[in-house]
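Reader: I am new to reading models of this kind, and I would like to learn how their features are described. Could we look at one together, step by step?

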Amino acid sequence: MKELKSRLAKLLLELSYKEGDFTLTSGKKSDYYFDCKQTALNAEGGYLIGRLFVEMLKDYAVQGVGGMTLGADPLVTSVTVVSFLEGRPLPGFIIRKKSKGHGTNQYLEGLANFSEGDKVVLLEDVCTTGGTLITAAERVRDAGLDIVGVLAVLDREEGGRERLKEAGLELNAIFTRQELLAAGK
């Protein structure tokens with residue numbers, strides 16, 4: 001796994017990590033920006049993220065994974081495909097930012113693959129304050145699923161982990177910023 005993690009770090013630094021002056025979704029200012037979608041939508045990057053998440057998921061007894069659109073869309077897809085290839089197929093779901101507004105008016109897509117009470121893990125590209133994950137978790141719980149963990153590609157270590165813990169969610173990340181920079185060397 002160390003080799004996969006090192007290769008992923010190099011791709012993330014090449015495609016997704018930019019230094020400069022940025023304003024984040026949370027409104028916070030930052031000296032770097034992390035756009036994980038650039039790597040997650042790269043064929044090798046998507047595969048590596050999927051493999052590493054599937055490895056991390058071995059620590060969880062779950063029936064599937066899901067996450068908030070748009071950042072988690074490629075993450076969920078990579079995990080569902082890799083999990084199938086590795087003989088432990090895990091279905092996925094995507095959480096809409098707004099309810100459908102017609103038909104079933106639902107927030108979650110992919111629920112036909114789940115039953116009430118199924119245990120799931122939320123996937124996230126980057127965790128800063130945890131606000132998006134807390135909103136996502138409310139929608140998932142309202143849909144009848146039981147969240148047993150959160151996996152992220154990057155934990156910015158800016159309070160998100162602590163805020164999630166207060167909301168009853170445990171975060172586990174592939175990298176922190178320092179780990180990413182060290183692994184990419």
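Author: Let us begin with a definition: a salt bridge is a side-chain nitrogen of Lys or Arg within 4 Å of a carboxyl oxygen of Asp or Glu. This is a predicted model, in which local features need pLDDT of at least 70 and side-chain atom pairs count only at pLDDT 80 or more, while totals for chains, interfaces and linings use all residues. Residues are numbered from 1 along each chain as its sequence is written, and side-chain values use heavy atoms, with hydrogens and water left out.

Reader: How many salt bridges does that rule give?

Author: The count comes to 11, and one of them joins R96 to E109, whose closest N and O atoms are 2.9 Å apart. This pair links distant parts of the chain, 13 residues apart, with R96 in the loop between strand 4 and strand 5 (108-109) and E109 in strand 5; here helices (H or I, at least four residues) and strands (E, at least two) are DSSP runs, numbered from the N terminus.

Reader: Which side chain does R51 meet in a salt bridge?

Author: R51 meets E86, at 2.7 Å from N to O. R51 lies in helix 3 (residues 43-57) and E86 in the loop between helix 4 and strand 4 (92-95), so the pair ties together parts that are 35 residues apart in sequence.
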